[in-house]
Amino acid sequence: MDETEFWEIIDSTREAAEGDPEDHADLLVERLVQLDPDSVLDFARHFEARYNRAYHWDLWGAATVLLGGASDDAFDYFRCWLIGQGREVFEGALHDPDSLAELLEDFDERIDGDGEELGYAADEAYEQLTGVVAPDLGLPPQAAEPLGSPVDFENDEALAARLPELWDRFGPR
């Protein structure tokens with residue numbers, strides 16, 4: 001599976017789910033079980049590689065602004081959700097997390113920002129296909145610390161300075 005096919009699967013299942021992250025995960029599993037096990041593992045590698053690339057302080061800051069706070073777990077689920085938003089949003093956010101202010105049409109913290117189930121979709125599909133747990137993907141582990149310069153998530157002024165457009169549009173009122 002190449003990168004284009006990976007993103008096509010993400011996009012088509014997101015569109016069919018009409019923005020609902022739980023439905024997106026269910027549809028993603030349904031789509032992946034139509035593939036052979038090796039293709040599912042390829043998909044998982046693409047997903048995991050992007051998940052690891054998104055381990056960045058500025059993206060964590062963006063998650064904090066959008067969600068009104070983001071614990072370790074919340075940031076993990078946010079990164080899965082971000083991948084689920086498709087290539088344009090994902091790559092744009094990696095390049096400039098503040099661009100999420102323009103890239104996101106809308107954001108509802110009650111349903112958006114939590115893609116936990118998306119992170120398990122390939123594992124679930126592989127297990128359904130083979131009856132066994134997916135093997136190690138052979139990718140390097142995530143960095144011990146996020147990339148970039150740390151952000152003080154408790155300091156509204158620091159967050160607003162680091163992510164001014166995102167703060168103006170989605171910050172606390």
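This is a predicted model: local features need pLDDT of at least 70, side-chain atom pairs count only at pLDDT 80 or more; totals for chains, interfaces and linings use all residues.
I take buried as under 20% relative accessible area, exposed as over 50%, and partly exposed as in between (1.4 Å probe, protein chains only). Residues are numbered from 1 along each chain as its sequence is written, and side-chain values use heavy atoms, with hydrogens and water left out.

Salt bridges. I count a side-chain nitrogen of Lys or Arg within 4 Å of a carboxyl oxygen of Asp or Glu. I searched the whole structure and found nine.

I looked up D42 and R45: their closest N and O atoms are 3.1 Å apart. Both lie in helix α3, three residues apart; helices are DSSP runs of H or I, at least four residues, numbered from the N terminus. D42 is partly exposed at 26%, and R45 is partly exposed at 29%.

I then took R162 and D58, whose closest N and O atoms are 2.4 Å apart in a salt bridge. R162 is in helix α9 (residues 156–162) and D58 in helix α4, so the pair ties together parts 104 residues apart in sequence. R162 is partly exposed at 29%, whereas D58 is buried at 18%. I also noted that E3, R50 and R87 are joined into one network by salt bridges that share partners.

Helix α6. In residues 87–95 I list V89, F90, G92 and A93 as buried. Their cover includes α1 (3–17), α3 (37–53), α4 (57–67), α5 (72–84) and α7 (100–103), with contact meaning heavy atoms within 4.5 Å.

Methods: Helices (H or I, at least four residues) and strands (E, at least two) are DSSP runs, numbered from the N terminus.
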